[in-house]
Amino acid sequence: MGTGSGKGKVILFGEHFVVYGLPALAAGISSETTARLTRVRSFGYTLVDNRPAMPGYKKEKYEEQKASLEIILKHLNIDTTKMGFQIDLEGNLVCASGIGASAASCVAIARALNDEFKLGLDDEQINEAAYEGEKGYHGTPSGLDNTASTYGGLVWFERDLSGGAPKFERLKLDTAMYLVIAATGITASTKVVVGDVRAKKEANPEWFEQISKEYMRLVHDAKESLIKSDIERVGELMDENHELLQQLTVSCTELDNLVKIARENGAAGSKMTGTGRGGNMIALAPDEMTMKKIAKALENAKAAGVWTTSFGK
Ligand code: MEV
């Protein structure tokens, strides 16, 4: 039996911008997806998906999930016409748009295959296989999600638009940062939303250029502020990043509403995270007590799911 796991992630800064080579900051969270591979006597594979998930999520992603698994098998030269196995997906990561669920499962599956078939892959190669798998979910993944999922921790990430290896740096923080994550319960298709942004960018390149300039200033400030543990500034920049995402039209009323509630209840800053048009939002809390207060307020507002986590120290 082969086993493997991949972490969920939140994008602190830079979803969508990262697709076009701008830097992003993401943090791995403690919740993860696990994969268990068991050989069977027949040929082919069976995927049993027992991950906890937002209603509708698995159905929405079913075809993409199948495409993704087949890309990973091909990438790793595993021929299922000559053997058979079952992959069971489990874990405590609740699948929803924006939490890196697809990347976490790609990483978990690549690790389970590596374990069972003794492929001798290191983390870099696991990350590469998961990146290929992410292409099943949407054609042009930036690689940010699989990188955060493979390595965990806080990651500064830049995609190489000419197809080379991405640049990424693992950042160390002296202070713990407290986060609340809340779900709208709406599942969005990354492929559709990324495609929409691309169409808008192509229709109006000057508009996108202007927003990108503002984002560039913001993300460098965010990196420095995170390293200095300046929570107040990081929060302000998250608010600004949310506004830019609203301009890209990837936020929605449900996300804006949860963001507003988090700010009213003491968040240093709050924004949507990931694909948008549904999925999840995050709020940075100045301390643990405020984190709990924000979480309670979001629960009272009937968010579809609320979780607390921390990153950094
Ligand atoms: C999705 O979690 C993040 C996006 O930036 C797409 C990507 O990075 O591939 C929207």
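Modeller: Let us begin with a definition: on a 1 Å grid over the protein atoms alone, a pocket is an open set of points with protein on both sides within 12 Å along at least five of seven lines, while a cavity is a set of points where a 1.4 Å probe fits but cannot get out; lining residues have an atom within 4 Å of a point. Grid points are joined across faces, edges and corners, and a volume is the space filled by probe spheres set on the points. The model is a predicted one, in which local features need pLDDT of at least 70, side-chain atom pairs count only at pLDDT 80 or more, and totals for chains, interfaces and linings use all residues. Residues are numbered from 1 along each chain as its sequence is written, and side-chain values use heavy atoms, with hydrogens and water left out.

Colleague: Which residues line the largest pocket, and which lie nearest its centre?

Modeller: The lining has 20 residues, and Glu128, Tyr131, Gly164, Ala165 and Pro166 lie nearest the centre of this pocket. H3 and H4 are the elements that give two or more residues to the lining, and H3 gives the most, with five. Helices (H or I, at least four residues) and strands (E, at least two) are DSSP runs, numbered from the N terminus.

Colleague: What makes a residue of the lining of the largest pocket nonpolar, polar or charged?

Modeller: Ala, Val, Leu, Ile, Met, Phe, Trp, Tyr, Cys and Pro count as nonpolar, Asp, Glu, Lys and Arg as charged, and the others, Gly among them, as polar. The lining of the largest pocket therefore divides into seven nonpolar, eight polar and five charged residues.

Colleague: How many cavities of 30 Å³ or more does a search of the whole structure find?

Modeller: The search finds one. About 350 Å³ of space lies in the largest cavity. Its lining has 29 residues, and Glu134, His138, Asp145, Thr190 and Thr275 are the closest to its centre. By class, eleven residues of this lining are nonpolar, twelve polar and six charged. Elements supplying at least two residues each include strand E1 (2-13) and helix H5 (190-203).

Colleague: Why is histidine 16 called buried?

Modeller: Buried means under 20% relative accessible area, exposed over 50%, and partly exposed in between (1.4 Å probe, protein chains only). Histidine 16 has 6% relative accessibility, so this residue counts as buried. Its place is in the loop between E1 and E2, and its phi is near 70°, a positive value in a residue other than glycine.

Colleague: What makes a set of residues a nonpolar core?

Modeller: The set must consist of buried Ala, Val, Leu, Ile, Met, Phe, Trp, Tyr and Cys residues joined through side-chain atoms within 4.5 Å. The largest such core has 76 residues, and Leu12, Phe13 and Leu298 have the most contacts inside it. Helix H6 (residues 205-227) gives the most to this core, with seven residues. Domain 1 (2-171) and domain 2 (176-312) both give residues to it, so the core lies between them. Apart from it lies another core, of 23 residues, among them Phe85, Phe117, Ile126 and Tyr137.

Colleague: How do you know that isoleucine 282 is buried?

Modeller: Its relative accessibility is 0%, which is under the 20% limit, so isoleucine 282 counts as buried. Isoleucine 282 is in strand E9 (residues 280-285). Isoleucine 282 and leucine 12 are 270 residues apart in sequence and 8.1 Å apart in space, C-alpha to C-alpha. Not counting residues up to four places away in sequence, isoleucine 282 touches several residues, including Leu12, Met238 and Lys271.

Technical notes: Domain bounds come from an automatic or database domain assignment. Contact means heavy atoms within 4.5 Å.
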